[in-house]
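Hi everyone, thanks for making time.

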Amino acid sequence: MTLDLNGKRALVTGARRGIGLAAARALAAAGAEVVGVSASGGDFVCDFGDRQAVYALVEQLPQVDILVLNAGTIERRPAAEHGDDLWDRVLEVNLTAPFVLARELGRRMVERGSGKIIFTASLLSFQGGVNVPGYAASKGGIALLTKALANEWASQGVNVNAIAPGYIATDNTQALQDDAERSRQIVERIPAGRWGTADDLGGAFVFLASSASDYVHGVVLPVDGGWLGR
């Protein structure tokens, strides 16, 4: 059992900023060779809202030992105003693209008999949220996709798990951070008494990517400062 990732290659989607960047840095610090993918740059560029672009990406990717499926988007709009276009893009980026990548790269892992797949879920994998119906639906789907894939692949040497970040200070939560009253309410609810940082998630990514988690399958691990326990 070790947290050492030397000799492992990791692919991280959404790796240019926020949680994806923190995951890439943590995995690299643990010794992994990290390949980054995002919509705006990195080792590979991909619009995860474009199904054909995702398939084209799959054809270019090298063999990886660790797959971190983090890229995502959010649309904040009341449900009555959440149009089909918003719904379709959020579900495509947050749920369909991760499934396609997990299926295609996971198949290769199953053939080799080893691999680690880590999805980025959310507190809204457990709670409904407000004004984010597409996002909540997508992250609820990620939680059960994690379990479904783990059920199939655990016996074949592939670990499939997810991390559920709490209120983390990133671009996706900027609107909440900028709302002084809402930000205060959020911090008051968090037992740790503060917003999380992307780096707070690094240890969880390394754990789930390493041999230390070899008997961990189908888990959605909250890293939330205690929010869900409140």
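Predicted model: local features only at pLDDT ≥ 70, side-chain atom pairs only at ≥ 80, totals over all residues.

Residues are numbered from 1 along each chain as its sequence is written, and side-chain values use heavy atoms, with hydrogens and water left out.

Let's start with helix α3, residues 84–112, and helix α4, residues 133–153, which pack at an angle of about 15° with their axes 8 Å apart. Axes here are lines fitted to C-alpha atoms, for helices over the stretch in contact, and angles run from 0 to 180 degrees between N-to-C directions. Helices are DSSP runs of H or I with at least four residues, strands are E runs of at least two, and both are numbered from the N terminus. The pair is therefore roughly parallel, a label for angles under 35 degrees.

Who meets whom? Contact means heavy atoms within 4.5 Å, and the α3 side includes Trp-87, Leu-91 and Phe-99, while the α4 side includes Tyr-135, Ile-142 and Trp-153.

Now the cores: sets of buried Ala, Val, Leu, Ile, Met, Phe, Trp, Tyr and Cys residues joined through side-chain atoms within 4.5 Å, with buried meaning under 20% relative accessible area (1.4 Å probe, protein chains only). The largest has 35 residues, and Leu-101, Ile-117 and Phe-119 are among those with the most contacts inside it. Helix α3 gives the most to this core, with 7 residues. A second, separate core of 23 residues includes Ala-15 and Val-223.

Terms used: Parallel < 35°, antiparallel > 145°, perpendicular 65-115°, else oblique. Buried < 20%, exposed > 50% of the residue type's maximum accessible area, 1.4 Å probe, protein only.
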